[in-house]
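I set down each item as I looked it up.

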Amino acid sequence: MKTEIPYKIYLSEAELPKEWLNLRAFMKDKPAPLLNPVTLKPMTEEELAKVFCDELAKQEIDDQSKYIAIPDEVREFYKMYRPSPLIRAYCLEKALGTPAEIYYKFEGNNTSGSHKLNSAIAQAYYAKEQGLRGVTTETGAGQWGTALSMACSYFGLDCKVFMVKCSYEMKPFRREVMRTYGASVTPSPSITTEVGRQILRDYPDTNGSLGCAISEAVETASGLEGYRYVLGSVLNQVLLHQSVIGLEAKTALDKYGVKPDIIIGCAGGGSNLGGLIAPFMVEKLEGRENYEFIAVEPSSCPTLTRGKYGYDYCDTGKVCPMAKMYTLGSGYMPASSHAGGLRYHGMTSTLSELYDKDYMSARSVKQTEVFKAAETFARVEGILPAPESSHAIKVAIDEALKCKESGEKKVILFGLTGTGYFDMTAYKAFNDGEMQDYVPTDEEIEKGFGTMPTVNLK
Ligand SMILES: *Cc1c(COP(=O)(O)O)cnc(C)c1O
(Lines give C-alpha, C1' and ligand atoms only; values in the text may rest on other atoms or scores of the structure.)
Protein backbone atom coordinates (compact mmCIF):
# COMPACT_ATOMS: atom_id res chain seq x y z
CA MET A 1 0.00 0.00 0.00
CA LYS A 2 1.22 3.48 -0.85
CA THR A 3 2.03 5.56 2.23
CA GLU A 4 -0.24 8.53 2.74
CA ILE A 5 1.61 11.61 1.51
CA PRO A 6 1.62 14.49 4.03
CA TYR A 7 0.71 18.06 3.11
CA LYS A 8 4.30 19.08 3.66
CA ILE A 9 7.25 16.83 3.06
CA TYR A 10 9.99 18.12 5.30
CA LEU A 11 13.56 16.92 5.16
CA SER A 12 15.86 16.92 8.17
CA GLU A 13 18.92 19.17 8.45
CA ALA A 14 21.07 16.14 7.77
CA GLU A 15 19.33 15.71 4.43
CA LEU A 16 20.33 19.19 3.27
CA PRO A 17 22.52 18.60 0.21
CA LYS A 18 26.28 18.63 0.81
CA GLU A 19 27.09 19.34 -2.84
CA TRP A 20 25.60 21.44 -5.60
CA LEU A 21 24.90 19.72 -8.91
CA ASN A 22 26.59 21.18 -11.99
CA LEU A 23 24.13 20.35 -14.78
CA ARG A 24 26.51 21.33 -17.61
CA ALA A 25 28.90 18.57 -16.64
CA PHE A 26 26.22 16.04 -17.61
CA MET A 27 25.50 17.59 -21.00
CA LYS A 28 27.14 16.16 -24.12
CA ASP A 29 26.52 19.35 -26.03
CA LYS A 30 27.89 21.99 -23.68
CA PRO A 31 26.45 25.48 -23.55
CA ALA A 32 28.65 27.86 -25.53
CA PRO A 33 31.33 29.79 -23.61
CA LEU A 34 31.08 33.46 -22.66
CA LEU A 35 32.97 35.65 -25.12
CA ASN A 36 35.11 38.68 -24.51
CA PRO A 37 33.17 41.49 -26.25
CA VAL A 38 36.38 43.03 -27.58
CA THR A 39 38.51 40.06 -28.69
CA LEU A 40 35.50 37.76 -29.38
CA LYS A 41 37.52 34.92 -27.78
CA PRO A 42 36.17 32.75 -24.94
CA MET A 43 36.57 34.48 -21.60
CA THR A 44 39.37 33.00 -19.53
CA GLU A 45 39.17 32.50 -15.79
CA GLU A 46 41.63 35.39 -15.33
CA GLU A 47 39.50 37.75 -17.40
CA LEU A 48 36.35 36.73 -15.54
CA ALA A 49 38.11 37.22 -12.21
CA LYS A 50 38.45 40.94 -12.97
CA VAL A 51 34.65 41.21 -12.79
CA PHE A 52 33.64 38.35 -10.50
CA CYS A 53 35.13 36.85 -7.34
CA ASP A 54 37.90 34.32 -8.06
CA GLU A 55 36.04 31.22 -6.94
CA LEU A 56 32.92 32.28 -8.83
CA ALA A 57 34.94 32.89 -12.00
CA LYS A 58 36.23 29.34 -11.60
CA GLN A 59 32.73 27.93 -11.15
CA GLU A 60 31.53 29.91 -14.15
CA ILE A 61 33.78 28.13 -16.60
CA ASP A 62 33.75 24.71 -14.96
CA ASP A 63 31.64 22.46 -17.17
CA GLN A 64 33.39 19.25 -16.02
CA SER A 65 32.91 18.84 -12.25
CA LYS A 66 29.60 17.07 -11.76
CA TYR A 67 29.28 18.04 -8.12
CA ILE A 68 30.82 20.93 -6.18
CA ALA A 69 30.94 20.89 -2.38
CA ILE A 70 28.79 23.44 -0.58
CA PRO A 71 31.10 25.25 1.90
CA ASP A 72 30.23 24.58 5.57
CA GLU A 73 29.61 28.30 6.24
CA VAL A 74 27.04 28.38 3.44
CA ARG A 75 25.39 25.18 4.66
CA GLU A 76 25.16 26.70 8.15
CA PHE A 77 23.33 29.68 6.72
CA TYR A 78 21.09 27.42 4.59
CA LYS A 79 20.02 25.69 7.80
CA MET A 80 18.20 28.87 8.88
CA TYR A 81 15.59 28.35 6.15
CA ARG A 82 16.39 25.05 4.42
CA PRO A 83 15.54 22.38 3.56
CA SER A 84 12.53 24.26 2.20
CA PRO A 85 9.17 22.48 2.24
CA LEU A 86 7.80 20.45 -0.64
CA ILE A 87 4.05 20.83 -0.47
CA ARG A 88 1.35 18.58 -1.85
CA ALA A 89 -1.33 20.94 -3.15
CA TYR A 90 -4.24 18.85 -1.89
CA CYS A 91 -6.50 21.91 -1.60
CA LEU A 92 -5.74 23.11 -5.12
CA GLU A 93 -6.31 19.61 -6.53
CA LYS A 94 -9.68 19.50 -4.82
CA ALA A 95 -10.67 22.99 -5.97
CA LEU A 96 -9.81 22.09 -9.56
CA GLY A 97 -11.44 18.67 -9.33
CA THR A 98 -8.43 17.14 -11.05
CA PRO A 99 -7.17 13.57 -10.77
CA ALA A 100 -3.63 14.97 -11.12
CA GLU A 101 -1.28 15.11 -8.13
CA ILE A 102 0.24 18.57 -7.72
CA TYR A 103 3.38 19.33 -5.71
CA TYR A 104 5.27 22.57 -5.29
CA LYS A 105 8.65 23.43 -3.87
CA PHE A 106 8.26 26.58 -1.79
CA GLU A 107 11.21 28.97 -1.78
CA GLY A 108 9.45 31.95 -0.20
CA ASN A 109 10.11 30.94 3.41
CA ASN A 110 12.90 33.44 4.06
CA THR A 111 12.86 37.22 4.52
CA SER A 112 14.05 37.96 0.99
CA GLY A 113 10.90 36.14 -0.10
CA SER A 114 12.47 34.16 -2.93
CA HIS A 115 14.96 31.50 -3.99
CA LYS A 116 17.58 34.19 -4.68
CA LEU A 117 19.06 33.86 -1.20
CA ASN A 118 20.42 30.41 -2.18
CA SER A 119 22.93 32.01 -4.52
CA ALA A 120 23.33 35.33 -2.70
CA ILE A 121 24.76 33.66 0.38
CA ALA A 122 27.18 31.59 -1.69
CA GLN A 123 28.39 34.59 -3.65
CA ALA A 124 28.80 36.73 -0.52
CA TYR A 125 30.74 33.90 1.12
CA TYR A 126 33.26 33.68 -1.75
CA ALA A 127 33.66 37.47 -1.75
CA LYS A 128 34.38 37.39 1.98
CA GLU A 129 36.82 34.50 1.59
CA GLN A 130 38.72 36.50 -0.98
CA GLY A 131 39.03 39.40 1.47
CA LEU A 132 36.93 41.80 -0.59
CA ARG A 133 35.30 44.88 0.95
CA GLY A 134 32.05 44.74 -0.91
CA VAL A 135 30.01 43.88 -3.97
CA THR A 136 27.81 45.73 -6.44
CA THR A 137 24.77 44.44 -8.24
CA GLU A 138 21.55 45.32 -10.00
CA THR A 139 18.04 44.41 -8.99
CA GLY A 140 14.88 44.47 -11.05
CA ALA A 141 11.90 43.55 -8.96
CA GLY A 142 14.01 43.84 -5.80
CA GLN A 143 14.19 40.23 -4.64
CA TRP A 144 17.81 39.74 -5.65
CA GLY A 145 18.90 43.02 -4.07
CA THR A 146 17.13 42.03 -0.87
CA ALA A 147 18.69 38.58 -0.81
CA LEU A 148 22.14 39.99 -1.45
CA SER A 149 21.74 42.65 1.27
CA MET A 150 20.91 39.91 3.76
CA ALA A 151 23.85 37.79 2.65
CA CYS A 152 26.27 40.73 2.78
CA SER A 153 25.20 41.84 6.23
CA TYR A 154 25.68 38.27 7.47
CA PHE A 155 29.29 38.26 6.26
CA GLY A 156 29.99 41.96 7.00
CA LEU A 157 30.39 43.09 3.39
CA ASP A 158 29.34 46.38 1.83
CA CYS A 159 26.55 46.06 -0.74
CA LYS A 160 25.72 48.61 -3.46
CA VAL A 161 22.51 47.95 -5.36
CA PHE A 162 21.37 49.59 -8.60
CA MET A 163 17.62 49.21 -8.71
CA VAL A 164 15.70 49.57 -11.98
CA LYS A 165 14.02 52.96 -11.66
CA CYS A 166 10.43 51.85 -12.22
CA SER A 167 10.62 49.27 -9.42
CA TYR A 168 12.51 51.71 -7.19
CA GLU A 169 9.43 53.90 -7.46
CA MET A 170 6.82 51.14 -7.49
CA LYS A 171 8.29 49.13 -4.60
CA PRO A 172 9.56 51.56 -1.96
CA PHE A 173 9.30 48.95 0.79
CA ARG A 174 11.67 46.58 -1.01
CA ARG A 175 14.19 49.39 -0.97
CA GLU A 176 13.70 49.88 2.77
CA VAL A 177 14.28 46.19 3.48
CA MET A 178 17.59 46.44 1.63
CA ARG A 179 18.56 49.57 3.55
CA THR A 180 17.61 47.87 6.80
CA TYR A 181 20.18 45.20 5.97
CA GLY A 182 22.73 47.96 5.36
CA ALA A 183 22.81 48.13 1.56
CA SER A 184 22.85 51.39 -0.38
CA VAL A 185 20.24 51.56 -3.14
CA THR A 186 20.50 53.80 -6.22
CA PRO A 187 17.76 54.10 -8.87
CA SER A 188 19.05 53.18 -12.32
CA PRO A 189 19.86 54.81 -14.69
CA SER A 190 21.73 57.15 -12.36
CA ILE A 191 24.16 60.01 -12.75
CA THR A 192 26.78 58.12 -10.71
CA THR A 193 28.14 56.18 -13.69
CA GLU A 194 29.28 56.96 -17.24
CA VAL A 195 26.83 54.38 -18.68
CA GLY A 196 23.96 55.80 -16.64
CA ARG A 197 24.67 59.38 -17.73
CA GLN A 198 24.86 58.29 -21.36
CA ILE A 199 21.52 56.46 -21.18
CA LEU A 200 19.90 59.45 -19.48
CA ARG A 201 21.18 61.73 -22.26
CA ASP A 202 19.75 59.38 -24.92
CA TYR A 203 16.51 58.49 -23.14
CA PRO A 204 15.71 61.13 -20.49
CA ASP A 205 12.31 59.56 -19.67
CA THR A 206 13.47 55.95 -19.40
CA ASN A 207 12.06 53.72 -16.66
CA GLY A 208 15.32 51.84 -16.62
CA SER A 209 15.97 48.22 -17.45
CA LEU A 210 17.91 45.33 -15.98
CA GLY A 211 20.45 45.52 -18.81
CA CYS A 212 21.19 49.12 -17.94
CA ALA A 213 21.41 48.53 -14.18
CA ILE A 214 23.88 45.67 -14.83
CA SER A 215 26.16 48.02 -16.78
CA GLU A 216 26.07 50.55 -13.95
CA ALA A 217 26.87 47.94 -11.30
CA VAL A 218 29.78 46.52 -13.35
CA GLU A 219 31.21 49.98 -13.97
CA THR A 220 30.98 50.87 -10.27
CA ALA A 221 32.69 47.67 -9.14
CA SER A 222 35.55 48.05 -11.59
CA GLY A 223 36.20 51.58 -10.33
CA LEU A 224 36.43 50.61 -6.66
CA GLU A 225 39.29 48.85 -4.91
CA GLY A 226 38.20 45.59 -3.24
CA TYR A 227 34.84 45.34 -4.99
CA ARG A 228 33.44 42.82 -7.44
CA TYR A 229 30.20 42.57 -9.31
CA VAL A 230 27.73 39.78 -8.55
CA LEU A 231 24.68 38.66 -10.50
CA GLY A 232 21.50 36.94 -9.32
CA SER A 233 20.54 34.89 -12.36
CA VAL A 234 21.55 33.93 -15.93
CA LEU A 235 25.10 32.82 -15.05
CA ASN A 236 26.07 29.17 -14.73
CA GLN A 237 27.37 29.73 -11.19
CA VAL A 238 23.88 30.86 -10.15
CA LEU A 239 22.25 27.77 -11.67
CA LEU A 240 24.79 25.70 -9.81
CA HIS A 241 23.85 27.23 -6.43
CA GLN A 242 20.15 26.92 -7.19
CA SER A 243 20.48 23.17 -7.78
CA VAL A 244 19.88 22.87 -4.04
CA ILE A 245 16.17 23.38 -4.88
CA GLY A 246 15.98 20.42 -7.23
CA LEU A 247 18.17 18.16 -5.10
CA GLU A 248 15.93 18.66 -2.08
CA ALA A 249 12.76 18.28 -4.14
CA LYS A 250 13.99 15.00 -5.58
CA THR A 251 15.04 13.61 -2.20
CA ALA A 252 11.61 14.48 -0.77
CA LEU A 253 9.69 12.89 -3.66
CA ASP A 254 11.91 9.81 -3.66
CA LYS A 255 11.03 9.24 0.01
CA TYR A 256 7.46 8.60 -1.02
CA GLY A 257 8.24 6.92 -4.32
CA VAL A 258 6.68 9.79 -6.28
CA LYS A 259 7.87 10.46 -9.84
CA PRO A 260 6.80 13.67 -11.52
CA ASP A 261 5.55 13.51 -15.12
CA ILE A 262 5.72 17.26 -15.65
CA ILE A 263 8.08 19.78 -14.04
CA ILE A 264 7.21 23.44 -14.42
CA GLY A 265 9.00 26.65 -13.48
CA CYS A 266 8.87 30.33 -14.34
CA ALA A 267 11.86 31.56 -16.30
CA GLY A 268 13.39 35.02 -16.08
CA GLY A 269 17.11 34.45 -16.45
CA GLY A 270 16.50 30.74 -15.82
CA SER A 271 18.14 30.16 -12.44
CA ASN A 272 15.26 28.76 -10.38
CA LEU A 273 14.11 26.57 -13.23
CA GLY A 274 17.65 25.41 -13.94
CA GLY A 275 18.04 24.59 -10.25
CA LEU A 276 14.70 22.83 -9.88
CA ILE A 277 15.13 20.60 -12.91
CA ALA A 278 18.85 19.86 -12.44
CA PRO A 279 18.75 16.32 -10.94
CA PHE A 280 15.73 15.36 -13.03
CA MET A 281 17.34 16.62 -16.24
CA VAL A 282 20.40 14.50 -15.47
CA GLU A 283 18.17 11.41 -15.57
CA LYS A 284 16.65 12.56 -18.84
CA LEU A 285 20.05 13.28 -20.38
CA GLU A 286 21.19 9.82 -19.34
CA GLY A 287 18.08 8.31 -20.93
CA ARG A 288 16.80 6.91 -17.63
CA GLU A 289 13.58 8.95 -17.35
CA ASN A 290 11.47 11.01 -19.68
CA TYR A 291 10.19 13.96 -17.70
CA GLU A 292 8.44 16.82 -19.46
CA PHE A 293 9.96 20.19 -18.54
CA ILE A 294 8.10 23.44 -19.15
CA ALA A 295 9.58 26.94 -18.84
CA VAL A 296 6.96 29.65 -18.39
CA GLU A 297 7.62 33.23 -19.41
CA PRO A 298 5.51 36.39 -19.71
CA SER A 299 4.07 37.12 -23.15
CA SER A 300 5.50 40.64 -22.74
CA CYS A 301 9.06 39.25 -22.62
CA PRO A 302 8.92 36.01 -24.65
CA THR A 303 12.61 35.11 -24.68
CA LEU A 304 12.32 31.39 -25.43
CA THR A 305 9.06 31.30 -27.34
CA ARG A 306 9.83 34.17 -29.73
CA GLY A 307 13.55 34.86 -29.25
CA LYS A 308 16.55 33.95 -31.38
CA TYR A 309 19.39 31.61 -30.40
CA GLY A 310 22.72 33.33 -30.83
CA TYR A 311 25.42 35.38 -29.17
CA ASP A 312 24.21 38.56 -27.59
CA TYR A 313 25.24 41.23 -25.15
CA CYS A 314 24.16 40.61 -21.59
CA ASP A 315 23.72 44.29 -20.75
CA THR A 316 22.70 47.53 -22.42
CA GLY A 317 26.09 49.15 -21.99
CA LYS A 318 27.83 46.12 -23.61
CA VAL A 319 30.47 46.00 -20.89
CA CYS A 320 29.77 42.37 -19.86
CA PRO A 321 30.93 39.24 -21.69
CA MET A 322 28.67 38.07 -24.52
CA ALA A 323 26.63 34.90 -24.06
CA LYS A 324 25.08 32.49 -26.54
CA MET A 325 21.46 32.31 -25.50
CA TYR A 326 17.87 32.68 -26.54
CA THR A 327 17.45 36.43 -26.60
CA LEU A 328 15.22 39.28 -27.68
CA GLY A 329 18.26 41.53 -28.11
CA SER A 330 19.90 43.59 -25.35
CA GLY A 331 18.12 46.66 -26.72
CA TYR A 332 14.68 45.07 -26.30
CA MET A 333 12.68 47.27 -23.96
CA PRO A 334 9.95 45.12 -22.38
CA ALA A 335 6.71 46.88 -21.55
CA SER A 336 6.53 47.60 -17.86
CA SER A 337 5.18 44.48 -16.25
CA HIS A 338 4.27 43.42 -12.77
CA ALA A 339 6.56 40.42 -12.93
CA GLY A 340 9.77 42.44 -12.79
CA GLY A 341 11.84 39.32 -12.14
CA LEU A 342 10.97 37.95 -15.58
CA ARG A 343 11.86 40.99 -17.69
CA TYR A 344 15.40 40.06 -18.72
CA HIS A 345 16.01 39.94 -22.50
CA GLY A 346 18.05 36.70 -22.47
CA MET A 347 18.00 33.19 -20.99
CA THR A 348 20.84 31.35 -19.29
CA SER A 349 23.03 29.51 -21.82
CA THR A 350 22.47 26.10 -20.21
CA LEU A 351 18.70 26.20 -20.53
CA SER A 352 18.99 27.81 -23.97
CA GLU A 353 21.03 24.84 -25.18
CA LEU A 354 18.65 22.29 -23.60
CA TYR A 355 15.66 24.08 -25.10
CA ASP A 356 17.31 24.24 -28.50
CA LYS A 357 17.90 20.47 -28.36
CA ASP A 358 14.26 19.86 -27.34
CA TYR A 359 15.00 18.59 -23.85
CA MET A 360 12.48 21.11 -22.58
CA SER A 361 9.60 23.21 -23.87
CA ALA A 362 8.40 26.74 -23.18
CA ARG A 363 5.12 28.62 -22.97
CA SER A 364 4.32 32.29 -22.69
CA VAL A 365 1.35 33.48 -20.68
CA LYS A 366 -0.49 36.76 -20.30
CA GLN A 367 -0.37 38.84 -17.15
CA THR A 368 -4.11 38.83 -16.36
CA GLU A 369 -4.34 35.03 -16.63
CA VAL A 370 -1.30 34.77 -14.38
CA PHE A 371 -2.95 36.87 -11.70
CA LYS A 372 -6.17 34.90 -12.04
CA ALA A 373 -4.13 31.76 -11.31
CA ALA A 374 -2.41 33.53 -8.40
CA GLU A 375 -5.80 34.39 -6.94
CA THR A 376 -7.09 30.82 -7.28
CA PHE A 377 -3.93 29.50 -5.65
CA ALA A 378 -3.86 32.05 -2.81
CA ARG A 379 -7.46 31.36 -1.91
CA VAL A 380 -7.03 27.63 -1.50
CA GLU A 381 -3.36 27.08 -0.65
CA GLY A 382 -3.01 30.08 1.67
CA ILE A 383 0.29 31.38 0.29
CA LEU A 384 0.23 34.75 -1.52
CA PRO A 385 2.47 34.00 -4.50
CA ALA A 386 4.92 36.35 -6.23
CA PRO A 387 3.77 37.41 -9.71
CA GLU A 388 6.84 35.66 -11.16
CA SER A 389 6.01 32.37 -9.42
CA SER A 390 2.41 32.66 -10.54
CA HIS A 391 3.50 32.05 -14.13
CA ALA A 392 4.36 28.50 -13.07
CA ILE A 393 1.08 28.20 -11.15
CA LYS A 394 -0.85 29.19 -14.28
CA VAL A 395 0.66 26.40 -16.36
CA ALA A 396 0.41 23.87 -13.52
CA ILE A 397 -3.32 24.62 -13.30
CA ASP A 398 -3.67 24.34 -17.10
CA GLU A 399 -1.98 20.93 -17.03
CA ALA A 400 -4.10 19.77 -14.09
CA LEU A 401 -7.26 20.80 -15.95
CA LYS A 402 -6.11 18.85 -19.02
CA CYS A 403 -5.90 15.80 -16.75
CA LYS A 404 -9.45 16.49 -15.62
CA GLU A 405 -10.57 16.36 -19.27
CA SER A 406 -8.62 13.24 -20.12
CA GLY A 407 -8.89 11.48 -16.77
CA GLU A 408 -5.11 11.04 -16.68
CA LYS A 409 -3.55 10.93 -13.24
CA LYS A 410 -0.34 12.82 -13.94
CA VAL A 411 2.06 14.02 -11.29
CA ILE A 412 2.89 17.71 -11.61
CA LEU A 413 5.75 19.45 -9.81
CA PHE A 414 6.26 23.17 -9.97
CA GLY A 415 8.53 25.73 -8.37
CA LEU A 416 6.87 28.32 -6.16
CA THR A 417 9.78 30.72 -6.14
CA GLY A 418 8.50 33.36 -3.76
CA THR A 419 5.85 35.40 -2.02
CA GLY A 420 4.13 38.53 -3.32
CA TYR A 421 3.81 40.79 -0.28
CA PHE A 422 5.77 43.57 -2.01
CA ASP A 423 3.68 43.27 -5.15
CA MET A 424 0.43 44.65 -3.83
CA THR A 425 0.40 47.45 -6.43
CA ALA A 426 0.15 44.70 -9.00
CA TYR A 427 -2.52 42.84 -7.07
CA LYS A 428 -4.41 46.14 -6.69
CA ALA A 429 -4.39 46.68 -10.45
CA PHE A 430 -5.72 43.16 -10.90
CA ASN A 431 -8.36 43.52 -8.18
CA ASP A 432 -9.50 46.85 -9.65
CA GLY A 433 -9.81 45.27 -13.11
CA GLU A 434 -7.21 47.68 -14.45
CA MET A 435 -4.47 45.23 -15.35
CA GLN A 436 -3.47 45.19 -19.00
CA ASP A 437 -1.97 42.45 -21.11
CA TYR A 438 0.86 43.24 -23.39
CA VAL A 439 2.06 41.19 -26.33
CA PRO A 440 4.81 42.80 -28.41
CA THR A 441 4.22 43.08 -32.15
CA ASP A 442 6.53 41.31 -34.61
CA GLU A 443 8.00 44.73 -35.48
CA GLU A 444 8.92 45.37 -31.85
CA ILE A 445 10.54 41.94 -31.61
CA GLU A 446 12.46 42.57 -34.86
CA LYS A 447 13.65 45.91 -33.49
CA GLY A 448 15.11 44.07 -30.49
CA PHE A 449 16.90 41.56 -32.76
CA GLY A 450 18.40 44.57 -34.55
CA THR A 451 20.40 45.32 -31.39
CA MET A 452 22.18 41.93 -31.42
CA PRO A 453 25.86 41.87 -32.42
CA THR A 454 26.37 42.04 -36.15
CA VAL A 455 29.63 40.07 -36.21
CA ASN A 456 29.11 36.50 -37.29
CA LEU A 457 29.58 34.42 -34.16
CA LYS A 458 29.25 30.66 -34.21
C1 LIG B 1 14.10 36.56 -9.75
C2 LIG B 1 12.87 35.77 -9.58
C3 LIG B 1 12.44 34.88 -10.58
C4 LIG B 1 13.10 34.73 -11.90
O5 LIG B 1 14.46 34.52 -11.92
P6 LIG B 1 15.12 33.17 -12.45
O7 LIG B 1 16.56 33.44 -12.48
O8 LIG B 1 14.55 32.91 -13.81
O9 LIG B 1 14.76 32.13 -11.51
C10 LIG B 1 11.32 34.12 -10.32
N11 LIG B 1 10.63 34.23 -9.17
C12 LIG B 1 11.01 35.08 -8.20
C13 LIG B 1 10.19 35.15 -6.95
C14 LIG B 1 12.15 35.86 -8.36
O15 LIG B 1 12.53 36.69 -7.40
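**Entry 1. Largest cavity.** I looked up the lining of the largest cavity and found 32 residues, with K116, S233, G269, G341 and L342 nearest its centre. The term is defined on a 1 Å grid over the protein atoms alone: a cavity is a set of points where a 1.4 Å probe fits but cannot get out, and lining residues have an atom within 4 Å of a point. The elements that give two or more residues to this lining are strand 6 (134-139), helix 6 (143-155), helix 10 (210-222), helix 12 (271-285) and helix 16 (387-406). Helices (H or I, at least four residues) and strands (E, at least two) are DSSP runs, numbered from the N terminus.

I noted that the model is predicted: local features need pLDDT of at least 70, side-chain atom pairs count only at pLDDT 80 or more, and totals for chains, interfaces and linings use all residues. Residues are numbered from 1 along each chain as its sequence is written, and side-chain values use heavy atoms, with hydrogens and water left out.

The largest cavity holds about 350 Å³ of space; a volume is the space filled by probe spheres set on the grid points, which are joined across faces, edges and corners. By class I recorded 10 nonpolar, 19 polar and three charged residues in its lining. Here Ala, Val, Leu, Ile, Met, Phe, Trp, Tyr, Cys and Pro count as nonpolar, Asp, Glu, Lys and Arg as charged, and the others, Gly among them, as polar. In total, the structure holds six cavities of 30 Å³ or more.

**Entry 2. Domains.** I found the protein divided into domain 1 (9-14 + 82-113 + 238-449) and domain 2 (19-70 + 115-229), with bounds from an automatic or database domain assignment. Their C-alpha centres lie 22 Å apart. The contact between them (heavy atoms within 4.5 Å) takes 50 residues from domain 1 and 52 residues from domain 2. Both domains give residues to the lining of the largest cavity, so this cavity lies between them.

**Entry 3. Second largest cavity.** I read a volume of about 280 Å³ for the second largest cavity. It is lined by 27 residues, and C166, S167, S337, G340 and R343 are the closest to its centre. Helix 7 (165-170), helix 10 and helix 17 (424-431) each give two or more residues. Helix 7 supplies the largest share, three residues.

**Entry 4. Largest pocket.** I then turned to the largest pocket, with about 640 Å³ of space. A pocket is an open set with protein on both sides within 12 Å along at least five of seven lines. Of its 26 lining residues, Y203, G331, Y332, M333 and K447 are the closest to its centre. Helix 9 (194-202) and helix 18 (442-449) give two or more residues, and helix 9 gives the most, with four. Domain 1 and domain 2 both give residues to this lining, so the pocket lies between them.

**Entry 5. Helix 15.** I checked helix 15 (residues 367-381) against helix 16: the axes come within 8 Å and cross at roughly 85°. Axes are lines fitted to C-alpha atoms, for helices over the stretch in contact, and angles run from 0 to 180 degrees between N-to-C directions. Helix 15 is therefore roughly perpendicular to helix 16, a term for angles of 65 to 115 degrees. Among the contact residues are F371 and F377 of helix 15 and H391 and I397 of helix 16.

Methods:
Angles under 35 degrees count as roughly parallel, over 145 as roughly antiparallel, 65 to 115 as roughly perpendicular and the rest as oblique.
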